[in-house]
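Subject: Structure for your review

Dear colleague,

Please find below the structure that I am handing over to you. My findings follow it.

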Amino acid sequence: MNRLSKKLVSTWAEQGPRFLPFADVATADLPLSRLLRLSLFQVSVGMASVLLVGTLNRVMIVELRVPASLVAVMISLPLLAAPFRAMIGFKSDTHSSALGWRRVPYIWKGTMLQFGGLAIMPFALLVVSEGGNRLGGPIWIGWLGAGLAFLLTGAGLHTVQTVGLALATDLVSEESQPRVVGLMYVMLLVGMIASAIIFGALLQNFTDGRLIQVVQGSAVMTIALNILAIWKQEARDPVKTREGREEPSFKESWDSFIEGAGAIRRLIAVGIGTMAFSMQDVLLEPYGGQVLGLSVASTTRLTATLSLGGLLGFLLASRVLGRGGDPFRMSSFGALVGIPAFSIVILAAPLQAPVLFFCGTFLIGFGAGLLSHGTLTATMNHAPEKQRGLALGAWGAVQASAAGLAVALGGIIRDIVNGMSARDVFGRSFSGPATGYSLVYSVEIVLLIITLWSMIPLIRRLPQRVTA
Amino acid sequence: MADNDPNRVWPSGLTTREAEELHDGLKQGTRIFGAIAVIAHILAFMNTPWLH
């Protein structure tokens with residue numbers, strides 16, 4: 001160790017604990033203010049995902065004139081990191097640390113990756129845009145930079161979310177977990193909605209400089225929100241994390257995790273349920289515009305309606321599950337709500353009834369809220385104490401991969417079917433643009449039925465009433 | 001964590017090993033932020049070459 005390092009090490013040791021980010025003790029129950037602060041990491045995750053999937057998607061195609069196929073590749077890059085969430089969770093479960101931390105080092109690393117990706121992203125996007133390579137240097141550097149930016153941001157947000165949720169599970173008692181899940185989802189939604197509005201307003205008069213300000217500003221916000229979220233949250237436990245202790249390998253840990261009662265079935269339910277509620281994600285707005293003739297302003301209200309449904313779903317689920325309700329009964333109820341919701345949306349086309357469409361959209365949000373709250377609460381409830389990171393990582397890996405796959409599949413099915421119906425393959429009555437959309441919504445109904453079927457064995461039996 | 005542990009330095013109460021781990025984190029962060037800054041500068045130079 002060189003002299004500067006030695007000096008700095010002694011500086012850390014001499015600092016008062018007030019300036020060090022450790023929690024003094026693990027309290028039995030967390031005050032709401034501390035929980036609210038912890039949930040800020042979800043705001044940063046929501047902000048980054050809106051930026052990648054929503055704002056930059058549009059900016060790259062419309063303002064920067066990047067070819068749409070390359071934009072699609074860029075946006076799908078963060079998904080590559082999703083399957084590694086189980087591994088990230090496992091790593092944090094088995095982390096060795098003299099300080100006694102398991103979660104904070106990973107949230108910090110994730111934050112740095114997310115920050116790094118967002119910090120280089122605007123320059124990379126400008127270089128690959130039309131006429132953006134003013135130096136005339138090799139353009140592959142621009143592509144590499146853009147790919148790296150999206151990959152780093154994706155890896156960062158998946159790490160932060162997985163380990164952040166594991167930390168939240170560590171901190172609260174089982175009875176409080178539904179309240180925490182509700183709060184985490186609401187904060188994710190708040191982050192997404194607030195960022196979408198702020199990014200939209202800031203980028204209205206688009207300039208290269210403004211793009212740099214907005215994206216790098218969100219990088220700084222990532223650091224600020226995540227430091228605020230994890231500051232003095234994780235209590236130190238050097239015995240649990242001491243170096244040289246025996247820990248199972250990832251394979252051993254995974255094998256013992258999936259041997260747990262219903263573990264595989266729970267993951268299947270999460271995967272199919274998420275797919276069922278995600279395929280329409282990028283199709284609702286064009287459906288409103290193309291099939292029902294809604295204006296841009298009305299389709300924006302659609303997003304608000306969907307979010308409102310989701311918000312009410314989270315609130316109801318938090319209330320019911322907080323009183324000891326069964327999470328899988330709640331999830332099944334969400335899937336049950338989804339079936340009429342998608343049917344109403346399909347019916348809105350032949351009836352040309354935008355009101356029905358808005359009702360259906362609200363119910364889709366509501367059902368999705370109940371289902372996601374229920375499955376995450378169940379994951380937290382069933383997570384073995386030493387495998388919380390792994391359990392939440394597996395949940396996140398399945399959920400994020402299923403959502404990405406479903407969005408892609410939804411778009412592909414719509415395009416193929418609409419192409420065929422335009423050529424009158426299905427006959428005159430199915431020749432309109434509604435055919436492709438309706439088929440996607442029908443597939444979602446089928447997926448919801450499969451989800452319900454897969455969840456039946458997971459639902460707790462209600463105690464039988466004893467009759468005299 | 002006993003207060004009379006001779007390996008701990010007060011007022012932080014950290015051992016040398018713990019302070020080293022904290023410092024390792026700082027070094028790693030500096031490297032990552034440094035690498036990010038280099039990449040960002042290369043891309044920014046390609047976009048708007050300065051002193052040209």
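A residue is called buried under 20% relative accessible area, exposed over 50%, and partly exposed in between. Please also bear in mind that this is a predicted model.

By that definition Lys232(A) counts as partly exposed, because its relative accessibility is 24%. Lys232(A) lies in the loop that runs between α9 (208-230) and α10 (250-259) of chain A. Its backbone deserves a look as well: Lys232(A) is not a glycine, yet its phi is positive, at about 55 degrees.

Asp424(A) also has a positive phi, near 60 degrees, and is a residue other than glycine. This residue belongs to the loop between α16 (388-422) and α17 (434-455) of chain A. With a relative accessible area of 35%, Asp424(A) is partly exposed.

Arg102(A), by contrast, counts as buried, because its relative accessibility is 8%, and the limit for that class is under 20%. Arg102(A) sits in the loop between α5 (85-93) and α6 (104-128) of chain A. Leaving aside residues up to four places away in sequence, Arg102(A) touches Ser92(A), Asp93(A), His95(A), Asp170(A), Glu234(A), Lys240(A) and Thr241(A).

I turn next to a pair of helices in chain A. The axes of α4 (residues 68-80) and α7 (residues 139-171) come within 7 Å of each other and cross at roughly 35 degrees. The crossing of α4(A) and α7(A) is right-handed. On the α4(A) side, the contact is formed by Leu70(A), Met74(A), Ile75(A), Leu77(A), Pro78(A) and Leu80(A). The α7(A) side contributes Trp143(A), Ala146(A), Gly147(A), Phe150(A), Leu151(A), Gly154(A) and His158(A). Sorted by class, this contact between α4(A) and α7(A) has ten nonpolar and three polar residues, and no charged ones.

The interface between the two chains is the next point. In chain A, 40 residues are in contact with 32 residues of chain B. The area buried between chain A and chain B is about 3,100 Å², with 75% given by carbon and sulfur atoms. Trp12(A), Met112(A) and Leu135(A) together supply 19% of the area that chain A buries against chain B, more than any other three residues.

Finally, a word on confidence in chain B. Its mean pLDDT is 87, and 94% of the residues of chain B reach 70 or more. Within chain B, confidence is lowest in strand β1 (residues 8-9), with a mean of 80, and highest in helix α1 (residues 16-47), at 94.

With kind regards

Definitions and conventions. Residues are numbered from 1 along each chain as its sequence is written. Chains are lettered from A and ligands numbered from 1 in the order in which they are written. This is a predicted model: local features need pLDDT of at least 70, side-chain atom pairs count only at pLDDT 80 or more; totals for chains, interfaces and linings use all residues. Side-chain values use heavy atoms; hydrogens and water are left out. pLDDT is the predictor's confidence in each residue, from 0 to 100. Helices (H or I, at least four residues) and strands (E, at least two) are DSSP runs, numbered from the N terminus. Buried means under 20% relative accessible area, exposed over 50%, partly exposed in between (1.4 Å probe, protein chains only). Contact means heavy atoms within 4.5 Å. Axes are lines fitted to C-alpha atoms, for helices over the stretch in contact, and angles run from 0 to 180 degrees between N-to-C directions. A crossing is left-handed if the near helix is turned anticlockwise from the far one by less than a right angle, and right-handed if clockwise. Ala, Val, Leu, Ile, Met, Phe, Trp, Tyr, Cys and Pro count as nonpolar, Asp, Glu, Lys and Arg as charged, and the others, Gly among them, as polar. Buried area is the accessible area (1.4 Å probe) that two parts lose on being put together, summed over both.
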